[in-house]
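Hi,

Here is the structure I promised to pass on. Have a look at it first, and my notes follow below.

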Amino acid sequence: MQVINSIEEMKQERKKLACTVGFVPTMGYLHRGHLTLVRRAKRDNDVAVVSIFVNPTQFGPGEDFATYPRDTERDLEMLEKEGVDFVFMPTPDDMYPDGYNTWVETFGITSKLEGEKRPGHFKGVTTIVNKLFNIVLPHKAYFGQKDAQQLRVIQKMVADLDMHVKIMPVATVRSRRGLAMSSRNNYLSKEEREAALVLYKALSTAEEMYMRGEQDVARIRVKITGIINQEPLAKIDYISIADADTLEELTYMDRSALISMAVRIGNTRLIDNRTIG
Ligand code: AMP
């Protein structure tokens, strides 16, 4: 496994590769969710590249950029075990040198949900993913359904800009009891980790209601809002029941729906989602 810190060196190594390249962009502090993406990249391609970069431009003021969990040594050990070929770990100064002033922005679907609650977040995401794609030139890039809106934003960017990369969605990986794996779970105390199961419980209940024939979005919303509010450590940021493609809010479950939510458990903001129908 080759660990590369400079953009120039990554470009040089990429030039030497005359085979298929699978790419997994991450912010590190890796867990089983990330490793599932990595295994998929390994399986589908001749060479697997993983990037680790906590991207400052996708964090808003007052968000957790400074405290975001980092453990490079552990990450590299995990990636080595998976048989990853290249780990690309640029520095913020290399990615955004003095005078950096070019941004890639997708409009429309970025104005809802996470985009509405975290202004500028997706502009940071699309910009860094674009830069990473330009450096790594992957054939396929792997993204988790865990960040369902991000996945859609990236798919839209790739389609709108006629990019060559193929975006490969990967289902959310969960703990045995249903908590979606996330680097931010590291912030949770034992008690909070227990409380965080409420997101899974709410999503499962919504799906059960739908399976039993409930199609009224308002009734589903009331039910899952109640479930989360019963948990004293949980505070709802938003709950959305939206068209799975356009992310427009639904009133009736007459098409494929993305149920997504952001909930604070203590000081930690968690997101989760499920596609239904
Ligand atoms: P992050 O390091 O949080 O930026 O995540 C890097 C990639 O891993 C993104 O495409 C995420 O959607 C994906 N990912 C994070 N958590 C999970 C999970 N529990 N299951 C599947 N993919 C995940």
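Domain bounds here come from an automatic or database domain assignment. For this chain, the assignment gives domain 1 (2-170) and domain 2 (183-272). Bear in mind that this is a predicted model, where local features need pLDDT of at least 70 and side-chain atom pairs count only at pLDDT 80 or more, while totals for chains, interfaces and linings use all residues. Residues are numbered from 1 along each chain as its sequence is written, and side-chain values use heavy atoms, with hydrogens and water left out.

First, the two domains. Their C-alpha centres lie 26 Å apart. Domain 1 puts 20 residues into the contact and domain 2 puts in 18 (contact means heavy atoms within 4.5 Å). About 1600 Å² is buried between them, with 51% of that from carbon and sulfur atoms (buried area is the accessible area, 1.4 Å probe, that two parts lose on being put together, summed over both).

The rule finds 4 salt bridges across this interface (a side-chain nitrogen of Lys or Arg within 4 Å of a carboxyl oxygen of Asp or Glu). R184 also forms a salt bridge with D64, with the closest N and O atoms 2.8 Å apart.

Now the ligand. There are 17 residues around it, and M27, H34, D147, V173 and M181 come nearest (a residue is near if one of its heavy atoms lies within 4 Å). D147 has a polar side-chain atom 2.6 Å from a ligand oxygen atom. V173 places a backbone N or O atom 2.8 Å from a ligand nitrogen atom, and M181 has a backbone N or O atom 2.8 Å from a nitrogen atom of the ligand.

Cheers

Methods: Polar contact = N/O pair within 3.5 Å; in protein donor to acceptor, adjacent residues only side chain to side chain.
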